Amino acid sequence: MKIIEVLQELHPQFDYAHSEDFIADGFIDSFDLVRLIAALEAAYGIHIAGTDVLAENFRNIGSISQMLSHYGVEQSE
């Protein structure tokens, strides 16, 4: 599953592919962040450490992908 698919399960009406900052654009709030973390963990079979739950790790697809790479998750375009 790609990151964009996980995001679209949260809010299919948002254009995540063209946003550089999901938080600033209002696509993700604190409740959505909890849901997103749970969805990413389920999709990739990982556990995201509390130390990685930082706004800068969830601003856009690139930052999420970079954070996930620390858990051995590689994304293909």
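This is a predicted model: local features need pLDDT of at least 70, side-chain atom pairs count only at pLDDT 80 or more; totals for chains, interfaces and linings use all residues.
Helix 1, spanning residues 3-10, holds the buried residues Ile3, Val6, Leu7 and Leu10. Seen down the axis of the helix, these buried residues fall within an arc of 95 degrees, so they line one face of helix 1. The elements that cover them include helix 2 (30-44) and helix 3 (61-69).

In the structure as a whole, 5 aromatic pairs are found. One of them, formed by Phe14 and Phe27, is stacked, with 4.5 Å centre to centre and 5 degrees between the planes; both residues lie in the loop between helix 1 and helix 2, so the pair ties together parts that are 13 residues apart in sequence. Phe14 is partly exposed, with a relative accessible area of 21%, whereas Phe27 is buried at 12%. Phe27 also pairs edge-to-face with Tyr16, at 5.4 Å centre to centre and 80 degrees between the planes, and Tyr16 is buried, with a relative accessible area of 0%.

Asp52 is buried yet has no salt bridge, the nearest side chain of opposite charge being that of Arg59, 14 Å away. The side chain of Asp52 is instead joined to that of Tyr71 by a polar contact of 2.3 Å. Beyond its neighbours within four places in sequence, Asp52 is in contact with Asn57, Phe58, Met67 and Tyr71.

Key
Residues are numbered from 1 along each chain as its sequence is written. Side-chain values use heavy atoms; hydrogens and water are left out. Buried means under 20% relative accessible area, exposed over 50%, partly exposed in between (1.4 Å probe, protein chains only). Helices (H or I, at least four residues) and strands (E, at least two) are DSSP runs, numbered from the N terminus. The arc is that of the directions from the helix axis to the C-beta atoms. Contact means heavy atoms within 4.5 Å. Lys and Arg count as positive and Asp and Glu as negative; His and the chain ends are not counted. A salt bridge is a side-chain nitrogen of Lys or Arg within 4 Å of a carboxyl oxygen of Asp or Glu. A polar contact is a pair of N or O atoms within 3.5 Å; within protein, one must be able to donate a hydrogen and the other to accept it, and residues adjacent in sequence count only if both atoms are side-chain atoms. Rings of Phe, Tyr and Trp (its six-membered ring) pair if their centres lie within 6.5 Å; planes under 30 degrees apart count as stacked, over 60 as edge-to-face and the rest as tilted.
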